[in-house]
Amino acid sequence: MATPSAFQPSAGNHGEEEFERSLRPRSFREFLGQDRILEPLQVMIQAAAQRSETLEHLLFSGLPGLGKTSLALTLADEIGAPLKMTSGPALERARDLVGILSSLERGTVLFIDEIHRLPRVVEEYLYGAMERFQIEFTLDQGMHARMLRLDVQPFTLVGATTREALLSAAFRSRFGHTLRFEPYEPAALRLILQRSAGLLRTRVSTQALDLLAENARGSPRIANRLLRRARDVAQVEHASPRGSDSEDIQAEIDPAVVQRTFELLGIDGHGLERADRRILEALALAAGRPLGLKNLAVAVGESEESLEEVYEPWLIQQGLLARTPQGRILQAPGWSLLGLSPPESASELR
Ligand code: ADP
């Protein structure tokens with residue numbers, strides 16, 4: 001049986017989704033390691049409140065697992081606004097959008113996840129609603145065609161996207177502000193892991209915390225998942241916790257537990273999973289010739305989306321792989337990690 005990936009999105013996995021929900025930050029104070037994003041947001045919130053206006057529309061852009069959904073939920077709580085959640089693919093027809101917009105209460109935060117997957121026709125209906133809080137649509141056709149205008153309550157649209165470049169310029173320009181989520185530093189992930197460990201009644205040693213934070217690829221979602229798996233290992237394979245507060249503590253994670261967890265998950269000493277290695281090996285097999293996204297996806301048995309959003313960003317950041325206009329190539333550190341030397345022809349591409 002294939003090892004479940006610690007790095008893949010959890011869509012459709014109810015256990016994982018429930019677990020994530022239980023660890024979500026409940027306030028800006030608990031939304032850790034993102035002052036760069038929070039500070040301008042708090043100024044916007046205050047300014048809107050002083051003018052008694054609804055908050056401007058916001059676009060949250062960044063890789064999966066960096067906290068876009070969490071921040072949208074927290075934002076609604078912080079400003080005391082109702083929240084409505086949907087996603088680009090769920091709004092298939094204009095009718096779906098009209099249904100949602102016409103039922104909004106004043107000031108609602110409308111969160112549309114994967115907003116780059118909103119069908120173009122639906123997107124165009126959204127423009128008027130974003131700009132003037134009005135939806136305009138045509139009833140009937142030909143001679144009987146009539147233009148109808150529907151007022152909607154002022155609302156704040158929060159769109160989240162992992163693929164900002166896929167949004168049209170016209171759409172992007174309708175957001176008041178774009179918040180770009182960057183991968184988290186290990187120090188920020190340590191804070192997140194400490195908070196999560198407390199909620200999970202788990203004690204984690206400093207060294208274990210460092211190991212988890214350094215192997216989480218800058219993602220709170222992955223950090224929490226590694227913690228969860230390590231807690232399982234600690235409970236099943238290790239002695240029960242000691243100490244005066246042991247009644248509250250259900251598991252104790254030390255570096256040995258983390259190493260064992262990584263072994264079980266197939267994460268090696270470089271923080272790479274089996275799928276990462278398969279990607280590097282497929283590129284090595286191409287002997288230095290660039291591989292297109294489609295071919296690479298087929299070669300490693302992963303979807304193009306997970307390659308682009310889950311695996312590649314990390315491999316690129318580590319300097320192992322590069323995206324070129326001709327396709328993906330293995331970089332010098334990638335060749336040496338596999339214990340190979342690049343063929344002569346590959347050196348021209350680097
Ligand atoms: P995204 O919507 O960008 O895919 P999520 O908001 O679903 O990411 O975040 C995934 C998980 O990571 C959440 O369940 C939450 O527990 C955790 N998380 C994300 N960002 C933070 C943060 N800044 N502070 C604390 N936990 C966070």
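The dialogue below takes up the overall fold, the domains, a pocket, a residue and a hairpin.

Tutor: Please note that this is a predicted model, in which local features need pLDDT of at least 70, side-chain atom pairs count only at pLDDT 80 or more, and totals for chains, interfaces and linings use all residues. Residues are numbered from 1 along each chain as its sequence is written, and side-chain values use heavy atoms, with hydrogens and water left out.

Student: How many helices and strands are there in the protein chain?

Tutor: Helices (H or I, at least four residues) and strands (E, at least two) are DSSP runs, numbered from the N terminus. The protein chain has 15 helices and 11 strands. Its C-alpha atoms fill a box of roughly 70 × 65 × 35 Å along the principal axes.

Student: Into which domains is the protein chain divided?

Tutor: Domain bounds come from an automatic or database domain assignment. Here they give domain 1 (34–180), domain 2 (186–265) and domain 3 (274–348). Between the C-alpha centres of domain 1 and domain 2 there are 37 Å.

Student: Which residues lie nearest the centre of the largest pocket?

Tutor: On a 1 Å grid over the protein atoms alone, a pocket is an open set of points where a 1.4 Å probe fits, with protein on both sides within 12 Å along at least five of seven lines; lining residues have an atom within 4 Å of a point. In this model, 42 residues line the largest pocket, and Glu20, Arg24, Thr69, Asp113 and Arg221 lie nearest its centre. Elements that give two or more residues to this lining include helix H1 (14–23), helix H3 (68–79) and strand E3 (109–113).

Student: Is threonine 69 buried or exposed?

Tutor: Buried means under 20% relative accessible area and exposed over 50%, with a 1.4 Å probe and protein chains only. Threonine 69 has 17% relative accessibility and therefore counts as buried. This residue belongs to helix H3. Contact means heavy atoms within 4.5 Å; neighbours within four places in sequence aside, threonine 69 is in contact with Arg24, Met85, Phe111 and Asp113.

Student: How many bridges join strand E10 to strand E11?

Tutor: Two strands pair if DSSP finds at least two bridges between them. Strand E10 (residues 321–324) and strand E11 (residues 327–330) run antiparallel and are joined by 4 bridges. Alanine 322 has isoleucine 329 in E11 as its bridge partner, and a hairpin connects E10 to E11 through 2 residues.
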